[in-house]
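Welcome! Take a moment to look over the chain below, then read on for a short tour of its fold.

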Amino acid sequence: LRLAEDLRFFYSHLCCGGALRLLRQRLLTYRHREGMSQSSQTPRKLLLHLRVLAFERMVLERDWADKCNGKFVVWGAGRDGKDFVKALSTSDARKRVACFVDVDFNKIKGGYYVNKELQLRIPIVHFSLLATDPEKQQELLEQSFSIGDANFGRINKGRNQVSKATDHTNRKKSRIQPKASYARDFDTSILPSLPVVVCVAMYRTSGALERNVAGIGRTEGKDLWHFS
C-alpha cells in the first residue's frame with residue numbers, strides 16, 4: 001500500500017460524487033503494532049498536499065470557480081494558513097488568494113506576507129473586514145479591543161494557550177485602536193463578497209474563533225470551509 005492510502009481512497013470517493021453515511025455499527029477495526037504501522041511513517045507534508053489537492057478539486061475548481069473572479073480569503077496568517085497557500089498545486093491557484101485575515105495586529109501591521117521563492121505578496125488584514133454589514137465590521141473590530149487584549153483569540157503555539165484579557169495596562173493601551181488594514185494598495189471593499197477558508201484550529205480559543213467566524217455572515221459548506 002502507498003502511504004496515506006485510506007485518505008487517498010476517501011478523497012477519491014468524494015471527488016467521484018460518492019456519498020457519506022453515519023453508521024452506528026463497527027465495520028472495520030485497525031490493529032496497530034509497534035514498528036508495523038504506516039501512520040508513523042506518513043509525513044505531515046504528504047497529508048497536507050493530499051488534503052489541499054482534494055480541496056482544489058472539490059471546492060476551488062468546482063464550487064468557487066465562478067465566484068468573484070475565483071478569488072477567496074484565507075483566515076489565519078500563521079503557520080497553517082501559509083502552509084495551505086504554499087501547498088496549492090499551481091501559481092494560478094495561489095494567485096486566487098485575495099488576502100489573509102487574522103486577529104494578530106503584529107501580523108496585520110506588517111501589511112503583507114511575502115514569499116520570494118513563490119513570488120507571493122499577499123495582504124494581511126483584520127478579519128472584521130469580511131463582514132457583509134459595515135456596522136458589523138465596526139462592531140467586530142471594537143470587540144477585538146473591548147476585552148482588553150487586541151490579540152484575543154490568537155493561539156499561542158508552543159504553550160497551547162489562548163491570548164486572554166490581562167490587566168488594566170493592556171486595557172488602557174487598547175483605547176488606541178489600530179487600523180483594520182495596513183496594506184495601502186489593497187482594495188478591502190471586495191472582501192465581504194469573497195468565500196473564506198479558515199486555517200485556524202477550532203475549540204482552542206475559548207470560543208473566540210467560533211464567535212468571530214459566526215459574525216462575518218458566511219454559510220459553512222457554501223462560502224466558508226474549515227481547513228485545519
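Two residues are in contact when heavy atoms of theirs lie within 4.5 Å. With that in hand, here is a first number for this predicted model: among contacts in the chain with a separation of 6 or more, 71% are between residues 24 or more positions apart.

**The chain as a whole**

- The secondary structure comes to eight helices and eight strands.
- The chain has 228 residues, and 42% of them count as buried.
- Its accessible surface is about 14,100 Å², and carbon and sulfur atoms hold 49% of that area.

**How α2 and α3 pack**

- Two packed helices are described by the angle between their axes and the distance between the axes.
- Here, helix α2 (residues 44–63) packs against helix α3 (residues 79–87) at an angle of about 65°, and their axes are 9 Å apart.
- An angle of 65 to 115 degrees counts as roughly perpendicular, so α2 is roughly perpendicular to α3.
- On the α2 side, the contact is made by Arg-44, Leu-48, His-49, Val-52, Phe-55 and Glu-56.
- On the α3 side, the contact uses Arg-79, Asp-80, Asp-83, Phe-84 and Ala-87.
- What kinds of residues make up the contact of α2 with α3? They divide into five nonpolar, one polar and five charged.

- The buried residues of α3 are Asp-80, Gly-81, Asp-83, Phe-84, Val-85 and Ala-87.
- The elements that cover these buried residues include the helices α2 and α4 (91–95).
- Strands are part of that cover too, among them β1 (72–75), β2 (97–102), β4 and β7 (196–198).

- Ala-4 is not a glycine, yet its phi is positive, at about 60°.
- You can find Ala-4 in the segment before α1 (5–15).
- Gln-119, also a residue other than glycine, has a positive phi near 55°.
- Look for Gln-119 in the loop between β3 (112–115) and β4 (120–126).
- Is Ala-4 buried or exposed? Its relative accessible area is 12%, and buried means under 20%, so Ala-4 is buried.
- Is Gln-119 buried or exposed? Its relative accessible area is 74%, and exposed means over 50%, so Gln-119 is exposed.

Methods: Residues are numbered from 1 along each chain as its sequence is written. This is a predicted model: local features need pLDDT of at least 70, side-chain atom pairs count only at pLDDT 80 or more; totals for chains, interfaces and linings use all residues. Side-chain values use heavy atoms; hydrogens and water are left out. Axes are lines fitted to C-alpha atoms, for helices over the stretch in contact, and angles run from 0 to 180 degrees between N-to-C directions. Helices (H or I, at least four residues) and strands (E, at least two) are DSSP runs, numbered from the N terminus. Angles under 35 degrees count as roughly parallel, over 145 as roughly antiparallel, 65 to 115 as roughly perpendicular and the rest as oblique. Ala, Val, Leu, Ile, Met, Phe, Trp, Tyr, Cys and Pro count as nonpolar, Asp, Glu, Lys and Arg as charged, and the others, Gly among them, as polar. Buried means under 20% relative accessible area, exposed over 50%, partly exposed in between (1.4 Å probe, protein chains only). Accessible areas come from the Shrake-Rupley method with a 1.4 Å probe; for residues, only the protein chains shown count as cover.
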